[in-house]
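Dear colleague,

Please find below the structure that I am handing over to you, followed by an account of what was found in it.

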Amino acid sequence: MLIALTGRAGAGKDSAAGALSAVGPWHSIAFADEMRAEVAEAWMIDPRALTERSTKELPTDALAIGRCTSAKFMAWAAIRNHTGWEPRSPRTIMQWWGDYRRGQQPDYFVHPVRAWLHYNRTRKPATDLVVTDVRMANEWAMLRAHGAHLVRVHRPDLPPMVADTAAHSSEQHTTLVAEYDVHNDGTLADLARQMQAITQRIAQRAAEAQAPQ
């Protein structure tokens with residue numbers, strides 16, 4: 001089974017993926033995994049600084065554009081007037097790095113996930129898989145071609161996003177049509193029950209589709 005998760009930043013996609021452990025061993029990956037590794041290397045920071053929920057939206061001196069060691073990114077940023085030593089937030093830098101790489105190759109971050117799927121489908125065919133951060137149309141197109149089921153995670157108590165973040169292409173995931181919805185408005189146990197119900201529905205539909213007519 002292959003599940004793809006989408007939803008607003010902070011909605012709880014990683015929590016939903018973690019909740020799948022209640023129904024068995026799941027292997028997970030994010031399109032942003034490669035991005036985080038590259039940003040951490042380019043700014044010479046601990047990758048964990050890019051995933052800490054409490055500071056993801058907060059500007060930090062360590063992520064000033066002037067601290068980047070990638071000459072190609074610096075040239076790209078200069079054209080867009082992204083310069084100087086002003087502190088930037090992890091989310092801003094990740095969005096800009098994503099724009100930079102997708103400008104070079106639209107499927108830049110799709111390729112590693114496709115390779116991961118191929119590896120697991122050929123070496124570990126019985127493994128259940130979840131991709132935790134589907135945001136772009138090309139990401140979903142690739143996963144859909146591999147038989148993925150799209151689940152949108154909702155969380156009603158999220159604060160408004162800052163204008164630049166909300167307008168970024170990575171936050172236009174609402175155009176993707178999900179098969180299932182989960183509401184992250186209770187406990188982790190509640191979320192786990194919703195995810196388990198979805199996996200059961202997917203399995204039932206698959207069984208019905210294979211049953212003799």
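Is Arg36 buried or exposed? The model is a predicted one, and in it Arg36 has a relative accessible area of 16%. The cut-off for a buried residue is under 20%, so Arg36 counts as buried. Arg36 belongs to helix 2. Leaving aside residues up to four places away in sequence, Arg36 touches Ala30, Leu50, Thr51 and Met94.

The largest pocket holds about 680 Å³ of space. It is lined by 32 residues, and those closest to its centre are Ala32, Arg36, Lys56, Asp133 and Arg135. At least two lining residues come from each of helix 1 (13-19), strand 2 (26-29), helix 2 (32-43) and helix 4 (90-104). By class, the lining of the largest pocket comprises 13 charged, 10 nonpolar and 9 polar residues.

For the second largest pocket, the volume is about 540 Å³. Its lining has 22 residues, of which Glu57, Ser89, Arg91, Val162 and Thr165 are the closest to the centre. The lining of the second largest pocket divides into 9 nonpolar, 7 charged and 6 polar residues.

In soluble globular proteins, nonpolar side chains tend to be buried together. In this model, the largest nonpolar core has 20 residues, and the members that touch the most others are Val39, Trp43, Leu50, Ile65, Phe73, Ile93 and Trp97. Helix 2, helix 3 (71-79) and helix 4 each give two or more residues to this core. Helix 2 contributes the most, with 6 residues.

Not counting residues up to four places away in sequence, Trp97 touches Met35, Glu38, Val39, Ala42, Trp43, Cys68, Ser70, Phe73 and Phe109.

Helix 8

What span should helix 8 have, given its 23 residues? At 1.5 Å a residue, helix 8 (residues 188-210) should span 33 Å, and because its end C-alpha atoms are 33 Å apart, the model agrees with that expectation. Among the buried residues of helix 8 are Leu191, Ala192, Met195, Ile198, Thr199 and Ile202. The buried residues of this helix pack against strand 1 (2-6), helix 1, strand 2, strand 4 (149-154) and strand 5 (180-183).

Backbone angles in two loops

Met44 has a phi near 55 degrees, a positive value in a residue other than glycine. Met44 is located in the loop between helix 2 and helix 3. With a relative accessible area of 66%, Met44 is exposed.

Asn81 is not a glycine either, and its phi is positive, at about 65 degrees. The loop between helix 3 and helix 4 is where Asn81 lies. The relative accessible area of Asn81 is 62%, and this residue is therefore exposed.

With kind regards

Conventions
Residues numbered from 1 in each chain as written. Predicted model: local features only at pLDDT ≥ 70, side-chain atom pairs only at ≥ 80, totals over all residues. Heavy atoms only, no water. 1 Å grid on protein atoms, 1.4 Å probe; cavity = no way out; pocket = protein on both sides within 12 Å on 5 of 7 lines; lining within 4 Å. Points joined across faces, edges and corners; volume = space filled by probe spheres on them. Helix = DSSP H or I, 4+ residues; strand = E, 2+ residues; numbered from the N terminus. Nonpolar A, V, L, I, M, F, W, Y, C, P; charged D, E, K, R; others polar. Core = buried A, V, L, I, M, F, W, Y, C linked by side-chain atoms within 4.5 Å. Buried < 20%, exposed > 50% of the residue type's maximum accessible area, 1.4 Å probe, protein only. Contact = heavy atoms within 4.5 Å. Expected span 1.5 Å × (residues − 1).
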